[in-house]
Amino acid sequence: MINTVIFDIGNVLMKFDFFPVLHRVLQDQKLEEAVTEAYFASGHWNRLDLGTADEEEFLRAASEYAPAIEKEIRLMFEHVPETLVQEEFAVPWVRGLKERGYRVLFLSNYSKPIMRMGPDALAFLPLMDGGVFSCDVHLCKPDPAIYETLREKYDLDFSTCVFLDDTVPNLEAANKQGLRTIHVQNHEQAVRDLEQLLGEEGIG
């Protein structure tokens with residue numbers, strides 16, 4: 001029976017609205033594509049999530065990757081707080097699960113600079129029973145070691161847990177660790193799928 005619900009955070013409990021903000025700030029498709037590549041395809045954003053680079057180290061590395069657009073790279077980072085959107089459903093969702101007796105944890109690829117830039121988007125955290133941020137353990141999903149870190153930290157039996165994430169490779173890795181999973185495509189679907197599973201399993 002399920003007794004623990006484990007949430008990813010970005011695009012599950014909060015919205016990371018990067019690309020609409022990027023478009024509004026730059027308004028140039030080629031620049032948008034170049035900044036996106038310098039941030040994400042280069043692997044430098046992953047260093048933020050791993051906790052192996054701070055904000056300035058990230059910006060310097062991304063700018064070295066694409067020196068012609070250093071100004072745009074730095075400009076977009078100034079607007080990152082606008083990309084972090086608190087979902088109104090997050091607090092009631094977490095609170096409701098807690099009131100029904102479920103343990104609620106998080107497992108998220110997240111960086112300390114982004115935490116500092118958008119604390120309001122994480123308003124649900126005090127309601128949760130804990131969790132693991134990638135930057136604190138220097139591991140990122142879908143590395144199997146981060147799931148094991150969560151399991152050991154909270155002495156979890158993964159057969160009694162369900163994990164919700166919006167990224168398929170993260171879910172595939174979780175399945176291999178013995179977690180039941182729900183692919184979050186939108187909030188309504190995620191709630192429906194979770195309630196169906198909890199109804200079938202009951203509470204442990």
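1. Tyrosine 110 is buried, at a relative accessible area of 5%. Bear in mind as you read on that this is a predicted model.

2. Searching the whole structure gives 19 aromatic pairs. One of them joins phenylalanine 18 and phenylalanine 19: the ring centres are 5.3 Å apart and the planes stand at 85°, so this is an edge-to-face pair. Phenylalanine 18 is buried, with a relative accessible area of 1%, whereas phenylalanine 19 is partly exposed at 48%.

3. Now for tyrosine 110 and phenylalanine 133: their ring centres are 5.6 Å apart with the planes at 55°, so the pair counts as tilted. Tyrosine 110 sits in the loop between strand E4 (103-108) and helix H8 (112-117), and phenylalanine 133 belongs to strand E5 (residues 131-133), so the pair ties together parts 23 residues apart in sequence.

4. Do also look at the cluster that ring pairs build from Phe16, Phe18, Phe19, Tyr39, Phe40, Trp45, Phe58 and Phe77.

5. Tyr39 brings us to helix H2 (residues 29-41), where Glu32, Val35, Thr36, Ala38 and Tyr39 are buried. These residues span an arc of only 165° around the axis, which places them on the same side of H2. Gln29, Lys30 and Ala41, on the other side, are exposed. The packing partners of the buried residues are helices H1 (18-26), H3 (44-50), H4 (55-65) and H5 (70-78).

6. Finally, the ends of H2. At its start, a side-chain oxygen of aspartate 28 comes within 3.0 Å of the backbone nitrogen of lysine 30. After H2 comes glycine 43, with a positive phi near 90°.

Technical notes:
Residues are numbered from 1 along each chain as its sequence is written. This is a predicted model: local features need pLDDT of at least 70, side-chain atom pairs count only at pLDDT 80 or more; totals for chains, interfaces and linings use all residues. Side-chain values use heavy atoms; hydrogens and water are left out. Buried means under 20% relative accessible area, exposed over 50%, partly exposed in between (1.4 Å probe, protein chains only). Helices (H or I, at least four residues) and strands (E, at least two) are DSSP runs, numbered from the N terminus. The arc is that of the directions from the helix axis to the C-beta atoms. Contact means heavy atoms within 4.5 Å. A polar contact is a pair of N or O atoms within 3.5 Å; within protein, one must be able to donate a hydrogen and the other to accept it, and residues adjacent in sequence count only if both atoms are side-chain atoms. Rings of Phe, Tyr and Trp (its six-membered ring) pair if their centres lie within 6.5 Å; planes under 30 degrees apart count as stacked, over 60 as edge-to-face and the rest as tilted.
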